[in-house]
Amino acid sequence: MTSSPSSGPAPHGTAMSPAAYGASRATLWTGVSVLITDTVGRILLQRVTYRTTRLLPGGGVDAKEAPTEAAAREVLEELGVRLPISRALAVDWVPFSTPGNDPAVHFPGEIIYVFDGGTWGSKQIASIRLRTSEIEAIDFVDPADLPDLMAPGNARRALAALHARAIDGAVVLNDCYPITPPPPTS
């Protein structure tokens with residue numbers, strides 16, 4: 001067993017000190033998106049002030065916050081609606097090398113969870129109150145229009161989550177592409 005004065009003994013079964021082990025772990029961002037549809041199957045997209053493309057509701061996970069908590073918080077902050085979040089549709093690994101990231105940000109890579117926000121009827125849609133200056137408007141759009149309205153990766157991720165919902169499943173993505181084909185529908 002190795003040890004050093006500043007980091008203590010190594011945990012049983014490893015040659016690394018706790019400090020070395022901690023330093024060896026990947027540092028990643030964590031983000032969330034929420035897939036919300038209306039009763040005819042259109043997807044809620046936000047027009048935001050800081051991008052030319054549209055987004056699903058969502059954002060970053062804060063320190064010490066669970067992804068489900070972040071998703072509920074983001075829906076409340078952005079749409080003014082309290083929404084319980086319990087079902088994941090997709091988990092996506094977005095690598096640090098993804099094009100389009102500003103080098104000054106030092107993007108380390110990100111895990112993005114896409115949660116099911118459900119199908120909203122007219123009463124729930126009418127309860128939306130945009131609560132942040134970042135959100136200019138929302139629209140419900142046909143899934144076929146996502147590639148024209150969203151960044152390519154975001155559109156692929158949203159469509160994969162929509163497909164997962166349709167087959168009552170979930171999907172794991174790597175850079176917005178499924179890592180395995182979805183199971184056949186019966």
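Strand pairing first. I find strand S6 (residues 88-94) joined to strand S7 (residues 110-120) by six bridges, and the two run antiparallel. Val 94 sits opposite Glu 110 in S7. S6 also runs parallel to strand S9 (residues 171-174), with four bridges between them; there Ala 90 faces Val 171. For my own record: strands (E, at least two residues) and helices (H or I, at least four) are DSSP runs numbered from the N terminus, and two strands pair if DSSP finds at least two bridges between them.

Ground rules. This is a predicted model, in which local features need pLDDT of at least 70 and side-chain atom pairs count only at pLDDT 80 or more, while totals for chains, interfaces and linings use all residues. Residues are numbered from 1 along each chain as its sequence is written, and side-chain values use heavy atoms, leaving out hydrogens and water.

Backbone angles next. Most residues other than glycine have a negative phi. Lys 64, in the loop between strand S5 (58-60) and helix H2 (67-79), has a positive phi near 65°. Cys 176, in the loop between S9 and strand S10 (177-178), has a positive phi near 75°.

Which of the two is buried and which exposed? Lys 64 is exposed at 89% relative accessible area, whereas Cys 176 is buried at 5% (buried is under 20%, exposed over 50%, with a 1.4 Å probe and protein chains only).

Confidence last. Mean pLDDT (the predictor's confidence in each residue, 0 to 100) is 88 for the protein, and 86% of the residues score at least 70.
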